[in-house]
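Subject: Structure for your review

Dear colleague,

Please find below the structure that I would like to hand over to you. My notes on it follow directly after.

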Amino acid sequence: MAVAPVVPDTHPPRETRGWYRRNEIKVTPWLFLLPGLLFFATYVILPIFQSFQVSLYRWDGLGELSETGTFIGLGNYRELMTDRAFEISLWNNMRWLFLYLLAIPMGLGIALFLNQTVVGIRLYKSLFFFPFVISQVVVGLVFSWFYLPKEGLLNAGLALFGLGPVNILGDPDLATYGIIAAGLWPQTAYCMILYLTGLNAVDPEQVEAARLDGAKGWKMLWYVIVPQLRPATFIAFVVTIIGALRSFDLISIMTNGGPFGQTRVLSFYMFEKALAEFGFRMGYGASIAVVLFLIMLCFIAYFLWSMWRDERVAR
Amino acid sequence: MRSILTALAATTMLTGTAMADAHAPALEGTLRIISDMSNPAPRAVMEKLAADFDAMHENLEVELEIIDREAWKSQIRNVLSANPPDVINWYAANRMMPYVNAGLLEDVSDIWADIEGLDSVKGALTLDGKQYGIPYTYYQWGVYYREDIFNELGLEEPATWEQELANCQAILDSGRKCYTIGTKFLWTAGGWFDYLNMRTNGFDFHMALARGEVPWTDDRVRQTFANWRELIDMGAYIDDHQNYSWQEALPFMVNGDATAYLMGNFAVAPMREAGLSDDQIDFYQFPAINPDVELAEDAPTDTFHVAAGAQNKEAARAFLKYVVSADVQTQINAGDALGQLPVNANSSVDDDEFLNQGFTMLSENSSGGVAQFFDRDFPAEMAALGMEGLQEFMVFPDNLEDILQRLEQARERIYAN
C-alpha cells in the first residue's frame, strides 16, 4: 500500500491522456450505436414523417412531391372514412389480429406434447418446426392447392364424409379465414419453438413441490407452468401481433386480394393504391400507411411500456 | 447479360462494316434499351432486334436489359425517374398517360412524320395531338373455340347473339361449359365487358364511358350487363373462375370441359403446346348483339418509347424508326417470332391460320373502331375498380346495383381530378 501524501499536491501531474481516452467509457457505447442509430433514423424514423407529409397530398408518385403534388390537407383521410374497401381491409386486419393469436395456445399445446424424452423426439420436433422454415410463398402455394375447388385435398377429404365441395378462396366470406388458417401453420410452429425453450427453464423443484401439494392436470399447467413461461408468452404475443399486422405475402399469393377485394388487409390495400400496377395514388396510400402505423403504435407502445416496467421491477 | 453483350460485340465485329448503311446518320455512343419482352419467343425477337441494330451502326453499342413483364409494370416508374434508359417498352393509350403527364416520356411526333403506313394505330399513341411512342405489334381478340366439339354437336360459328345463346345452350346440354375464363387477376373479365358493351352500345359509347363522360348507372350500361347476365344465368362460364389465372383456365378448354375462350391471340401458342392441333382450334369474331351498331374490336398495341431523360435520343429515335419499318415489322411479327400482327400497313402478315383471320377481321370487319383494352382505355384507377366490379358481377350478378353505384361514385371522383 502506497502512503498518501500528507500535504495535498498543489501541482498535480498534467493530464497527458487525450479527450477520447478520458471519456472512453462514456463515448464508446455511442460509437458502437452510431451506425445503427444512423440507419434507423434514415430508413425508419425519417420515412415515417415523410409518409405523414405525403398523406396530405394528392400525388401520383411521379416526379417531385413539391412540383407534381397538390396539397389537400386531410382530404385523403376524409375519403378513407367513406371508402368501403378501406373498411373491409380494416375489419380483415382485426380478424387477422384475433385469430392469429390462436397460434399461441396451439403452440403451447404442441410444445407440452413434445416436451418429453422418447426415442426420436428431436426428429418430431424438427418436423413440427418445419413449416416455419419454409418460405411464406411456398406455404401460400401449398394451401391454395389444398383448397382448390375441384382437385384440392380438402374437398377430397370432405367428400369422404359426404360433404359438398367448398371453394374457400373463391368465397368472399370464407377466403380471409382460409388465408389466416394457412398463416397459423408456420406461426404455431414459431410459438411452439418459443415455448419449448421456455419449458427447459421451468424449475423442476417447483413442479415437485406442486405435485406434493396434490396439483395436477390443468391446475398444474395454469398455476405452476404457465406463470413460469411468462417471458416466452410475452415474446410469442409480440411476434404474433406484429406478424398479423404485417400479413401481406400470403394474401398476395393466395388470392391477390380477391375475390373482388374481400381479402385485402391494410398493408395490401396500401400497396395496391400506391405502388401496384394501377396504383398511382401515393398520397392515399400514405394515409392508409399512417393508419396502419397508428394501430401498430398502440401495440408497440404497450410492449415497450411493459418491458420497461418489468425491467424496473427486476432492478 | 454478359453473354448477350459478348454475342453483340461479336456480331458487330463480323457484320458491322458490311451492314453499315452509308446514308444513315452516324450514330455514336451507347443505346440503352429496357424491354419487358421476357417470354421465350418475344425475348429472342428483342435480342435479335438489338443485335441487328447494333450491327448496322459501327460506332454504336446497344445495351439491352430484359425485365420480367409483370415486374416491369411496377418498376417502370422508378426506372423512368432515376437513371432513365434511352428506349423502353410500354403500352399505348391511357396506360402511358401518367408518364406523359409527368414529363417522363419524350414527344416523338417528329419521327411520325417520316414513317408511312401507321395511320391505323396513330390514335392510340396520341395524347393532346402529340405522339409519345411507336407501336411494334398488336393482336386481335376474339373467341377461340374447339372446332372438333362444334363439329360433334353440329354447331356453326355464330354471327348473332341469338345464335351464340343457342349454341351455348346446345353445349351446356352436352354436359360442357360454353366458356372458360380465369378472373383471379381481373383483366379477363374486362375483355368480356369490352365486347359486350361495344356490341350493345357501340365503340363511341364505350370510349365515352372510358373517358368518364357517361355515368355507370346509365340505362345503356345496364343493358350491357343485362345481356351479360343472360350468359351468367345459363351457367355458361366455368365454375370458380375467380380462383384461376388465365393460364390456369386453359386446361378446361384443352380437356374439353369448356368449348370456347374469349382471349387475345397470345392464347394460341399455349393451346398448341398443350396438344391441341389446328384442326381442333378455330376462331370467330365476337357475334353482333345490337344490329344497329358497327362491329368494333379490342386489339391491344404494345409499344416502344423514348424516355425524356434519355442520354442518346438520336440513336433512340433511329431505333424506333427501324422497328416500325415494313421489313422489320414483317420479320418480328412472323408466326415463328412474336406470332402477332405487324402495325405497318406495308408489311406482310405471316401465313398462319389465326393471324390471317385476325388481320382480315381487323382490316375489313371492324368498321366501328379498334379499342386498346379495358385496362388501357380507362384511367388506371377506374380500370382497377371497374375490373373488380366486373368480377364481382360474374360471381354474384345480383350485386349489380351496388356495383354500379360504387363505380359511379368512383367515376365522379376520378375524372374530377
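**Confidence**

Please bear in mind that this is a predicted model. Its scores are ipTM 0.82 and pTM 0.85. Chain B has a mean pLDDT of 88, with 94% of its residues at 70 or more. Within that chain, helix α11 (residues 219–234) of chain B has the highest mean pLDDT of the elements, at 96, while helix α1 (residues 2–19) of chain B has the lowest, at 43. Over residues 1–23 of chain B, pLDDT stays under 50, and for this stretch the model has 18 contacts beyond four places in sequence.

**The five-stranded sheet**

One open sheet of chain B is made of 5 strands in the order β2-β1-β3-β12-β6, with mixed pairing. Its edge strands are β2 (60–66) and β6 (134–138) of chain B, each of which pairs on one side only. From one strand to the next, the twist averages 25°.

Strand β6(B) runs antiparallel to strand β12 (residues 301–306) of chain B, and 4 bridges join the two. One residue pairing can be named here: B:I134 has B:F304 in β12(B) as its bridge partner.

Helix α2 (residues 40–56) of chain B lies across β1 (29–35), β2 and β12 of chain B, and runs at about 170° to β2(B). Helix α3 (residues 69–81) of chain B also packs on the sheet, where it touches β1, β3 (87–91) and β12 of chain B. The direction of α3(B) makes about 125° with that of β3(B).

Helix α2(B) has 17 residues and reaches 25 Å from its first C-alpha to its last, which is close to the 24 Å expected at 1.5 Å a residue. Its buried residues include B:V45, B:M46, B:L49, B:A50 and B:F53. B:D54 is also among the buried residues of α2(B).

**The four-stranded sheet**

A further open sheet of chain B has 4 strands in the order β8-β9-β7-β10, again with mixed pairing. Strands β8 (177–179) and β10 (281–284) of chain B stand at its edges; each has a single partner strand, so one side of each is left without a neighbour in the sheet. The twist here averages 25° from one strand to the next.

Strand β7 (residues 141–146) of chain B pairs with β10(B) in the antiparallel sense over 4 bridges. B:Y144 stands opposite B:F283 in β10(B).

This sheet also carries helices. Helix α8 (residues 161–173) of chain B lies across β8, β9 (258–264) and β10 of chain B, at about 140° to β8(B). Helix α9 (residues 187–201) of chain B packs on the sheet and touches β7, β8 and β9 of chain B, with its direction at about 90° to that of β9(B).

**A residue in helix α11**

B:T224 lies in helix α11 of chain B. With a relative accessible area of 0%, B:T224 is buried. Beyond its neighbours within four places in sequence, B:T224 is in contact with B:F193, B:L196, B:N197, B:T200 and B:N201.

**Aromatic residues**

Over all chains, the structure holds 50 aromatic pairs. One of them is formed by A:F268 and A:F271; this pair is tilted, at 6.4 Å centre to centre and 45° between the planes. The two residues are 3 apart in helix α15 (residues 266–274) of chain A, and are therefore separated by about one helical turn. A:F268 is buried, at a relative accessible area of 2%, whereas A:F271 counts as partly exposed at 30%.

In chain B, the ring centres of B:Y145 and B:F150 are 4.4 Å apart and their planes stand at 45°, so this pair is tilted. B:Y145 is buried, with a relative accessible area of 4%, and B:F150 counts as buried at 3%.

Lastly, ring pairs link B:F193, B:W216, B:F225, B:W228, B:F374, B:F378 and B:F393 into a cluster. B:F193 is also one of the contacts of B:T224.

Yours sincerely

Definitions and conventions
Residues numbered from 1 in each chain as written. Chains lettered and ligands numbered in written order. Predicted model: local features only at pLDDT ≥ 70, side-chain atom pairs only at ≥ 80, totals over all residues. Heavy atoms only, no water. Pairing = 2+ DSSP bridges. Axes fitted to C-alpha atoms, helices over the stretch in contact; angles between N-to-C directions. Contact = heavy atoms within 4.5 Å. Expected span 1.5 Å × (residues − 1). Buried < 20%, exposed > 50% of the residue type's maximum accessible area, 1.4 Å probe, protein only. pLDDT = per-residue confidence, 0-100. Phe/Tyr/Trp six-rings, centres within 6.5 Å; stacked < 30°, edge-to-face > 60°.
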